[in-house]
Amino acid sequence: MGGAVSSLRDLDTVTKRLVHLSENDPNKEIFVFYTSGLREAYTARQLYTLAGRFAFRLRQRGFQKGDVIANTLSNSPERAVTDIGIMLAGCVTMNIQLLLADGSDFRLLAQNSKCRAVIISPWKQGSAWKLMNRFFSGKSDQGFVDIHIENIPDLTSAILVGRTENGENKHFLNDLKIGREDIYVEPAKPDDLLIILSTSGSTGYSKLVPRSHEDILKSEDLAHHVLCPGVQWNSPREKCLKYYNDKSMGWGIGIPFAPICHADTRVLTDIFDAAVKRTGKDLWEASTKENAQCCPMLCLEMDSVREYIDSVGGSDFKFKMLIAGGQPLRKSQMENFLTLTEKLIVTYGSTEAGHLTAKFITKGDTIQSNDNGKVLPGVELRIVAEDGRQCRPGETGTIEVKGPDVFKGYYNRLTSPDPQTVKAFTSDGWFKMEDYGYIDEDGNVFVFGRTKDIIIYGADLLYPGWMEKKLMEHSDVLEAVVVPVSDPLLYQNICACVKIKKDSELNEDQLRKYCDQIFLPNLVTEETPKPQYFI
């Protein structure tokens, strides 16, 4: 699978690109992790070796091509190695976002995907451990332990990935480094499923977006063309992109396969220990040390970085490019981003639709709120009025798209056709973004927000209905309505309007504690999407 190649067309899967890099550029750094200022790099050869040994263990335990394995690990070398190892085994990695303490969100994802295993950290305070450990049976063998959960018959294994020697459990990466297993690589085809991303649904995190090798390569090729025009696979390695990106490896913008696709280097904070909090200081210091050229950044992160820079009296470092998106941006927010970068790229897209538009802004350019720029090559975008006609320039309507990144349908192995997929597309094949906006006379796309009853909480899209249902399970709550309130950083925050039963003494503090029990805490960012205000 390695050897010389004439073009990227010969490397038509992520697997082939990793194998090629490991053989022809083995010392190329793919990931650079920082923890408390300490640097740990993983080269193409190291990733290939460690992930290949993990793939061998998966196949040795009976996992077959196409089997779905859920991964709950935070950003870390372990997350990269396990996701890439799942790929080399020919299996499919699926991101899991755990929010509800009763595990109902995980249960729905596991049932729909028929996943066979779940990877978790054995850290006793971790959300995944708290949910899963009571279902374990038998002893651990190299981290593999039997698991039995009612109504999820396909899920038979938990894979414990830790950093301590604790009885039956070994230090995962150290054990792989000294392992004597063969390196296993399952040949892959472009249309083989590579990863399943989870996104928001009407009952929480319930929609699954499948992406094949071909899908990921198309998406990364498009992104690379925007960020590094003219840089080719066979360009000198010093021209390859080095960027800071601490977005979750389970998000479309954070998948661990991205730097492999174009031999780039990704810098990020190691948060395997969920007690470690990501800070603006971590982001800025790591980016400065590595001279990172680029970074995708949310408004909340931007504010934290600016606060840190002010606390140390300023900084001479600037990114070449910052990528901002995930929520509608005001003019003032874009201006604040420009204090950290030479060029700001405002983007619009989604997990289902991929990259759709881009706006390039430098100091002195005219800036308008909600301006997301022009559509990218190959993308079609239209604005549709309530009566179904296409809107005129400047007229607001709902956004529908077609394009090379747009998915074909949600992943659902229980029901065919998937009812959510049927609702998501028009009869003539346009994907409904469920956002509203307009296109101006110059072809710039302006996006104002969601058309449906959705709260945009930072990078999370939350449907109030399921949150209201959980609140009404409290014995003293008669009615509950969850509404968005404006937030300068998150775009919207969450407010619960609650009507309690007659003679009840339920108060705000008690409701807050009740919500703490319902929603699993985000131990990394402390931005758990749950009601912050009560009426």
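Colleague: Is Glu 40 buried, exposed or partly exposed, and how much of Glu 40 is accessible?
Modeller: Glu 40 counts as partly exposed because its relative accessible area is 32% (buried is under 20%, exposed over 50%, partly exposed in between, with a 1.4 Å probe and protein chains only). Bear in mind that this is a predicted model, where local features need pLDDT of at least 70, side-chain atom pairs count only at pLDDT 80 or more, and totals for chains, interfaces and linings use all residues. Numbering starts from 1 along each chain as its sequence is written, and side-chain values use heavy atoms, without hydrogens or water.

Colleague: Ok, where does Glu 40 sit?
Modeller: In strand E2, residues 38-43 (strands, E, of at least two residues and helices, H or I, of at least four are DSSP runs, numbered from the N terminus).

Colleague: And what does Glu 40 touch?
Modeller: Leaving out residues up to four places away in sequence, Glu 40 touches Phe 31, Val 32, Phe 33, Pro 77 and Lys 177 (contact means heavy atoms within 4.5 Å). Take Pro 77: 37 residues separate it from Glu 40 in sequence, and the C-alpha to C-alpha distance is 9.0 Å.

Colleague: Switching to helices: at what angle do H2 and H3 cross?
Modeller: Roughly 60°, with the axes of H2 (residues 44-60) and H3 (residues 77-88) coming within 7 Å. Axes are lines fitted to C-alpha atoms, for helices over the stretch in contact, and angles run from 0 to 180 degrees between N-to-C directions.

Colleague: How do H9 and H10 pack?
Modeller: H9 (residues 280-290) and H10 (residues 299-311) pack at about 75°, axes 8 Å apart, so H9 is roughly perpendicular to H10. Gly 280, Lys 281, Leu 283, Trp 284 and Glu 285 of H9 meet Ser 304, Val 305, Tyr 308 and Ile 309 of H10. By class, there are 5 nonpolar, 2 polar and 2 charged residues in this contact.

Colleague: Last one: what's the strand order in the open sheet of 4 strands?
Modeller: E18-E19-E20-E21, with antiparallel pairing (two strands pair if DSSP finds at least two bridges between them). The edge strands, each pairing on one side only, are E18 (380-384) and E21 (445-450).

Definitions and conventions. Angles under 35 degrees count as roughly parallel, over 145 as roughly antiparallel, 65 to 115 as roughly perpendicular and the rest as oblique. Ala, Val, Leu, Ile, Met, Phe, Trp, Tyr, Cys and Pro count as nonpolar, Asp, Glu, Lys and Arg as charged, and the others, Gly among them, as polar.
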